[in-house]
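Open the model in your viewer and keep the selection panel at hand. The tour goes from one selection to the next.

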Amino acid sequence: MSRYWVQRLGFALLGLTALAVVVPMLLVIGTIVVEGMGAISWEFITAMPSDGMKEGGIFPALVGTLLLTLGTALVAIPIGVGGTIYLAEYARDTWVSRCIRLAIINLAGIPSIVYGLFGLGMFVLFLKMGTSILAGALTLAIMTLPVIISTAEEALRAVPTEFRTVSASLGGTRWQGIRYIILPQALPGIITGVILGLLRAAGETAPILFTVAAFFLPRLPQSPFDQTMALPYHLYVISTQVPGMPLRIQYGTALVLLALVLSMNLAATVIRSYFRRRRQW
Amino acid sequence: MEKIQVNHLDFYYGSHLALSDISIPIREHQITALIGPSGCGKSTFLRCLNRMNDTIRGTRVTGEVLLDGQDIYNRNTGVFELRKRVGMVFQRPNPFPQSIFSNVAFGPRVLGLGNRNELAHIVEESLRGAVLWDEVKDKLHEDAFSLSLGQQQRLCIARAIAVKPEVILMDEPCSALDPIATQHIEELMRALKADYTIVIVTHNMQQAARVSDFTGFFWMGKLVEFDVTKSMFTRPSQKLTEDYITGRAG
């Protein structure tokens, strides 16, 4: 075979492997949209579930997931971004900072069900928060931190050192250089990392299983110490725990969850590409 | 009159002695050029004058650097105050990724000089000082990267003089520029001399000869010769200096 044909064949095979990534994604989204579209209605989004969850809507689960994501953001953003600024801009390479980095890498590798058990032991029982939004959000926040920290650190390190030097040469403090030059430049990357982290939190079931999620609670939570339904767990429940559940409702719930997560993903992509086009260094 | 007097300065990177026993007077309202081959320590020396080497770990300085008679390495000298008085222009034009106005206003802003109205005045004055005003006055809020490289370097000079320093350190400010832009910067330096004391590091000997009043020749971490530029380029007292400026060494 001539080397020309070897190349043709090689590229064709490589192209097929690339396509293989797209196919499952299209199938997953396609199936859920086709099967779930019929369930989507104004009532499905805004009504309480009724008749053993076989009728009505998923409003409390949707609100619960939004509240959990918000709670996670409130805890994870300040700690994650603050910690990243310290690690990337201030911390010297000492055993302390190496320990912190090791902790972050390990946090990222912990299975989500272990986070759930930790949340149960730490927040629900030991700190006596009970099964509550607070406990769930704290658990999700810990799980989200490594994602936020690693992407945000990358964003900060991508800003040329030169800008820090120039800021110092003009009499600025280290913090002023970070505040006025480095952070604005790194912000799109940081926002992307935050959204990706929150997106993961919004879709997880295991960490909320023991810490916040209610099986069936047809009302909105009243306080951070209240339980709530949440979309991923609700989906799990109606798919496996309730006999005779109409398939339509299962797919409809999956579609809402998917739409929520994909729209966050889209937002992250738009923000990133918008700022990347404007960046000139 | 000496603006800066350096006495017996040694500089270490870790245990490596990068500069040894440098003593040099920097005269007020004069341009002092530092020449020498790459790696001879001239840039390191320049960065000792505003303590920019402080940010590099494992470096150490002995000896004294007197700015108006006060040792800048003295514990009582604030490093931020020092850098306000001794500004710096870098090798590559490096404006912040912001508007032209914000670039020039950065220094005054972080130092808390001037309110909003005064800021506009400082920006105009600094851009005029850097002979850039006429080219940018109608697009102050455009991105600094829209300027040509030569204009960007003059913007960096405007940014440096916006905090009203007394000394300006220039680290090979023309090495990234074409001959026309270089000429602009050299003219600018001659004009700035009236208000500032300038120290320039250059590996371009013609530039040192054209623009400076005094020249120091560095070789392997030592100051080989320091003299009035004219004398050094016509009658160097050291054989090494003569070899270097005539292109036989380095």
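Start by selecting Tyr12(B) and Leu17(B): Tyr12(B) stands opposite Leu17(B) in β2(B). Strands here are DSSP runs (E, at least two residues), helices are DSSP runs too (H or I, at least four), and both are numbered from the N terminus.

Before going further, note that this is a predicted model, in which local features need pLDDT of at least 70, side-chain atom pairs count only at pLDDT 80 or more, and totals for chains, interfaces and linings use all residues. Residues are numbered from 1 along each chain as its sequence is written, while chains are lettered from A and ligands numbered from 1 in the order in which they are written.

**The sheet in chain B**

Show β1(B) and β2(B) together. Eight bridges join these antiparallel strands. Two strands pair if DSSP finds at least two bridges between them. Now pick Gly14(B). This glycine takes a positive phi near 60° in the hairpin of β1(B) and β2(B), where two residues lie between the strands.

Click Tyr13(B): its bridge partner in β4(B) is Thr59(B).

Then widen the view to the open sheet of four strands. Its order is β2-β1-β4-β5 (chain B), with antiparallel pairing. Which strands are at the edges? They are β2 (16–27) and β5 (70–71) of chain B, each pairing on one side only.

**Two loops with positive phi**

Select Val131(B), in the loop between α4 (116–129) and α5 (133–136) of chain B. Its phi is positive, about 50°, although Val131(B) is not a glycine. Val131(B) has 17 other C-beta atoms within 10 Å, so it is partly exposed. A residue is buried with 20 or more other C-beta atoms within 10 Å of its own, exposed with 12 or fewer, and partly exposed in between; C-beta atoms are placed from the backbone.

Jump to Met220(B), in the loop between β9 (214–219) and β10 (222–228) of chain B. Its phi is near 50°, also positive in a residue other than glycine. Met220(B) counts as partly exposed because it has 14 C-beta neighbours inside 10 Å.

**The core**

Select Leu169(B) and show its contacts (C-beta atoms, placed from the backbone, within 7 Å). Leaving out residues up to four places away in sequence, Leu169(B) touches Leu46(B), Leu49(B), Asn50(B), Val86(B), Gly87(B), Met88(B) and Val199(B).

Leu169(B) is also one of the residues that touch the most other members of the largest nonpolar core, which has 142 residues. Others in that group include Ala230(A), Ile168(B) and Ile198(B). Such a core is a set of buried Ala, Val, Leu, Ile, Met, Phe, Trp, Tyr and Cys residues joined through C-beta atoms within 7 Å.

**Where the chains meet**

Show both chains. The contact takes 16 residues from chain A and 18 residues from chain B. On the chain A side, α7 (161–169) and α8 (174–203) each supply at least two residues. The largest share, five residues, comes from α7(A).

**Whole chain B**

Zoom out to chain B. Its secondary structure comes to ten helices and ten strands. Of its 250 residues, 45% count as buried. The C-alpha trace spans about 55 × 40 × 30 Å along its principal axes.

Finally, colour by pLDDT, the predictor's confidence in each residue, from 0 to 100. Chain B has a mean of 93, and 100% of its residues reach 70 or more. The model scores ipTM 0.90 and pTM 0.83.

Notes:
Two residues are in contact if their C-beta atoms, placed from the backbone, lie within 7 Å.
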